[in-house]
Amino acid sequence: MKAVVIREFGARPQIETLPDPEPAPDGVVVKIGATGVCRSDWHGWMGHDPTIELPHVPGHELAGTIVEVGKDVRRWEKGDRVTVPFVAGCGHCHECASGNQHVCDDQFQPGFNAWGSFAEYAALRYADGNLVALPEGMGYDTAASLGCRFVTSFRAVVDKGRVSAGEWVAIHGCGGVGLSAIMIAAAAGARVVAVDITDDKLELARSLGAEFTVNASDDYPPKAIIEITGGGAHLSIDALGSTKTFQNSIRSLRTRGRHVQVGLMLGDHAKPVAPMARVIAYELEIHGSHGMQAFRYDAAFNMIRAGLLDPERMIGQRLTLEQSIDALAGMDGATTAGIPVVTAF
């Protein structure tokens, strides 16, 4: 198969021809129809994830068709159209038994602790408990855009953030995670303030449901948000993952507000200083949110079927596998609006 291969952290990956994967007894092999290019892949390429062993194939936002099935798999067959959460639970540990497969102690993560989807094929473990059937009519590109950013945002806004209609929600960072969170929060009836440093992303944020926008290059986000909302956001989400956006998100909250950290805090941002005096005085909540369980996809799919959510609108560039290398390398700087998705292999 053709695949993007990382042989040295931080060095430019190359397209190589590798042996086609075989399924584990509890797994399947999927022919990749589309895969997203995510900033988490950039972190992996830079060596920020200790689970990655070289050589490595990145990619964790995927959708495709099953072409091989392991001998122990019971729920899936060749030809099934599927996607998978970027964290697949083992199905046997305490967290899986309690319904929290996304924080499984023995998790399978394509693109991190296993080869991923920047390739023609990917082998996936724990298939019976983690694969998700694609709704009829949903394209692979749309399904791939759900895989990390959209469902991660869904859990952050709905499950962890406990969003309610009429609440003010601030979203810091209008990349794929942030744009997804904006659409989801607006669909839930919240009033959304979007924060970014580029006008094109803020324009897209407005089209997806943001009622107000703040350009962080021109304004101090906490001050602007407190003024817009008349006291601060009820829920604020750091969708980027930096010391500045983390602190700004907390400082944007009103009394007893809720901060949800979705953007990964790695590298130089792994140990940010939290404004704890404000957290205590305002009785703020700070939550981490990491992915979403396979069984929760139906909640998002139901909102898509009802026309409340339209994730296809967030797709940006459609790329070839070769073009994904430049897209990956550019993930640490200013990126184009929308979610880049590889659709040609």
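The model is predicted.

Six strands build an open sheet. Their order is β10-β9-β8-β11-β12-β13, and the pairing is parallel. Strands β10 (210–215) and β13 (285–288) form the edges, each pairing on one side only. Neighbouring strands are turned against each other by 20° on average, direction ignored. Strands of a sheet pair through backbone hydrogen bonds. Within this sheet, β8 (residues 168–172) and β11 (residues 233–238) run parallel and are joined by four bridges. Here H172 stands opposite D238 in β11. Helix α6 (residues 199–207) packs on the sheet, where α6 touches β9 (191–196) and β10. The direction of α6 makes about 165° with that of β10.

Residue Q261 lies in strand β12 (residues 253–261). Its relative accessible area is 12%. The cut-off for a buried residue is under 20%, so Q261 is buried. The side chain of Q261 makes a polar contact of 3.1 Å with that of H259. Leaving out residues up to four places away in sequence, Q261 touches D238, G241, F246, H287, G288 and S289.

From α4, the contact involves L146, G147, F150, V151 and F154. These meet Y297, A299, A300, F301, M303 and I304 in α10. Of the contact residues, 10 are nonpolar, one is polar and none is charged.

Notes. Residues numbered from 1 in each chain as written. Predicted model: local features only at pLDDT ≥ 70, side-chain atom pairs only at ≥ 80, totals over all residues. Heavy atoms only, no water. Contact = heavy atoms within 4.5 Å. Helix = DSSP H or I, 4+ residues; strand = E, 2+ residues; numbered from the N terminus. Nonpolar A, V, L, I, M, F, W, Y, C, P; charged D, E, K, R; others polar. Buried < 20%, exposed > 50% of the residue type's maximum accessible area, 1.4 Å probe, protein only. Polar contact = N/O pair within 3.5 Å; in protein donor to acceptor, adjacent residues only side chain to side chain. Pairing = 2+ DSSP bridges. Axes fitted to C-alpha atoms, helices over the stretch in contact; angles between N-to-C directions.
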